[in-house]
Amino acid sequence: MSVDYAKEVDSILRDLGISETEFIAGTLSVSTPLTGEQIAKVAMSNDSQFRVATEAARDAFDSWRLLPAPRRGELVRLLGNELRAEKAALARLLSIEVGKIPSESLGEIQEMIDVCDFAVGLSRQLYGLAMPSERPQHRIVEQWHPIGPIAVISAFNFPAAVWSWNAAVALVTGNPVVWKPSEKAPLTALAVSAIAKRACEKFGQDAPHGLLGLLIGKADAGEFLANSGSYPVVSATGSTEMGRSVGRQVADRFGRAILELGGNNASIVTATADLELALRAVVFAAVGTTGQRCTTLRRLFVHSRIYDSFIDKLKTAFGSVTVGDPLQDGALIGPLIDQHAYHQAQDVLTQLGASDAIVHGGERVQVNSESSFYMRPAIVEMAEQSEQVLRETFAPILYVLRYDKIDEALALNNAAPQGLSSSIFSTDVREIETFLSACGSDCGIANVNMGTSGAEIGGAFGGEKQTGGGRECGSDAWKSYMRRQTNSINYGNELPLAQGVSFEL
Ligand code: UN1
């Protein structure tokens with residue numbers, strides 16, 4: 001049975017009130033990875049629209065920053081409500097546009113709702129510190145002020161949630177947002193923007209025009225945002241190459257870049273691990289979202305004592321997990337985003353097949369049409385971490401290596417140039433605490449008895465080294481969206497100088 005995804009997309013977008021000029025006759029062709037067929041032609045923004053959106057965001061900043069933060073939180077509360085109301089439609093669109101299984105698409109929208117709830121609370125908690133002054137009748141406090149329009153560059157794999165991590169926090173901290181979504185996922189961005197517009201309308205006149213902008217474009221739109229001095233903060237999610245270029249451009253004008261780049265995440269399965277639990281966690285982390293999360297598990301270090309039995313079970317699980325069109329047959333592994341992603345994965349597997357690595361799986365699976373790209377997840381047994389292992393390949397390929405001593409496993413974990421997520425499976429408190437200690441995992445995320453992916457929004461999300469060092473979402477990540485001001489206040493009649501300096505006129 002063939003499903004008309006183009007028709008379905010058309011009706012979802014119309015129901016959200018999006019004008020057909022935005023998605024019918026534009027120049028950006030969008031196809032669904034489920035079948036490879038074209039589902040929309042989206043209108044691209046031109047240079048003058050980049051400038052208009054930027055000026056509108058700057059104007060919006062003038063009034064938005066003056067609105068009390070808890071009142072700004074009210075807009076984010078309305079946004080969360082609109083997302084709740086459209087959760088099913090948005091998730092369906094997201095599945096069609098990027099190929100996610102329904103449960104993961106619903107999870108992504110839930111992640112947006114969660115971060116809205118978080119940000120509403122945050123709007124009453126933008127705390128600054130009060131510091132004791134060394135001078136009599138003086139006090140020192142710190143205030144956090146809105147910083148200006150925030151540029152958000154997002155990737156195809158989390159086409160909705162990553163915007164919300166930034167937007168919900170940016171809005172309550174007093175900043176407009178201009179968004180450049182991936183050119184592979186502009187429809188989800190149109191839908192999210194339409195939903196956000198509804199929230200703004202319900203909020204009323206206090207939500208200025210230009211508060212939430214959208215630029216549909218390719219690298220030119222990203223470069224415009226990176227280079228424009230109107231954006232004090234640029235939050236970019238994507239490949240390390242993209243981040244290197246955006247980071248340089250933003251640094252050149254002394255802007256602040258929040259970079260969320262490549263991950264090449266590892267898990268360690270120790271000899272004391274609960275192996276049933278580890279197996280389930282490893283499979284979800286490695287093959288969930290078809291291996292296309294930045295937190296996907298790509299490297300697995302298994303203790304020699306349990307290696308053979310664990311890898312046998314893993315091979316069975318990888319071999320039996322269902323690959324197919326998740327909207328038609330309930331498969332757990334959907335398509336890769338496009339042909340390019342498929343060829344990249346196959347090139348790596350071909351090269352490894354010619355070496356002494358042992359490759360299990362990875363074959364193409366024919367689903368729907370010649371122009372959709374599905375593959376069986378692959379396990380690659382490696383004797384050492386070769387160049388390919390240390391490079392992130394955005395596909396369901398899991399490299400496995402054996403180890404004997406925990407220090408060896410930690411060194412393998414930390415040998416990757418990226419430093420996003422990591423985890424250990426163990427019931428030995430010493431091993432666990434060593435993994436979490438200063439000489440343990442060097443990643444921004446280090447989990448225990450769970451996989452590397454699927455973080456909750458409450459923690460700060462991001463990683464070190466080539467992952468870019470940015471932090472988004474929970475904890476105190478909001479501070480990156482504000483400017484800090486230190487105020488020293490003298491309420492006495494004297495003018496004592498700090499550090500005992502005397503300067504008598
Ligand atoms: C990403 O892949 O860019 O932790 C983000 C996770 C999700 C976010 C992934 N909450 O896997």
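## Around the ligand, and beyond

Here's who sits around the ligand: Glu-111, Asn-157, Phe-158, Val-162, Thr-237, Arg-293, Cys-294, Thr-295, Ser-453, Gly-454 and Ala-455. To make that list, a residue's C-beta atom, placed from the backbone, has to lie within 6 Å of the molecule. Keep in mind that this is a predicted model, where local features need pLDDT of at least 70, side-chain atom pairs count only at pLDDT 80 or more, and totals for chains, interfaces and linings use all residues. Numbering starts from 1 along each chain as its sequence is written.

By class, the shell around the ligand has four nonpolar, five polar and two charged residues. Here Ala, Val, Leu, Ile, Met, Phe, Trp, Tyr, Cys and Pro count as nonpolar, Asp, Glu, Lys and Arg as charged, and the others, Gly among them, as polar. Domain 1 and domain 2 each give at least three residues to this shell.

Now for the domains themselves, with bounds that come from an automatic or database domain assignment.

| Domain | Residues |
|---|---|
| domain 1 | 5–261 + 468–485 |
| domain 2 | 265–448 |

Their C-alpha centres are 30 Å apart. Where they meet, 15 residues of domain 1 are in contact with 19 residues of domain 2, a contact being two C-beta atoms, placed from the backbone, within 7 Å. On the domain 1 side, helix H4 (87–98) and helix H5 (102–122) each supply at least two of the touching residues. That side is made of six nonpolar, five polar and four charged residues.

The largest nonpolar core has 150 residues. A core like this is a set of buried Ala, Val, Leu, Ile, Met, Phe, Trp, Tyr and Cys residues joined through C-beta atoms within 7 Å, and buried means 20 or more other C-beta atoms within 10 Å of the residue's own. Among the residues with the most contacts inside the core are Cys-116, Ala-119 and Leu-300. Helix H6 (residues 161–172) gives the most to this core, namely ten residues. Both domain 1 and domain 2 put in at least three residues each. Leaving out residues up to four places away in sequence, Ala-119 touches Gly-73, Val-76, Ala-168, Val-169 and Val-172.

Last, a sheet. Helices (H or I, at least four residues) and strands (E, at least two) are DSSP runs, numbered from the N terminus, and two strands pair if DSSP finds at least two bridges between them. Strand E4 (residues 138–146) is joined to E23 by nine bridges; Ile-140, for one, has Ser-488 of E23 as its bridge partner.

Conventions
A residue is buried if 20 or more other C-beta atoms lie within 10 Å of its own, exposed if 12 or fewer, and partly exposed in between; C-beta atoms are placed from the backbone.
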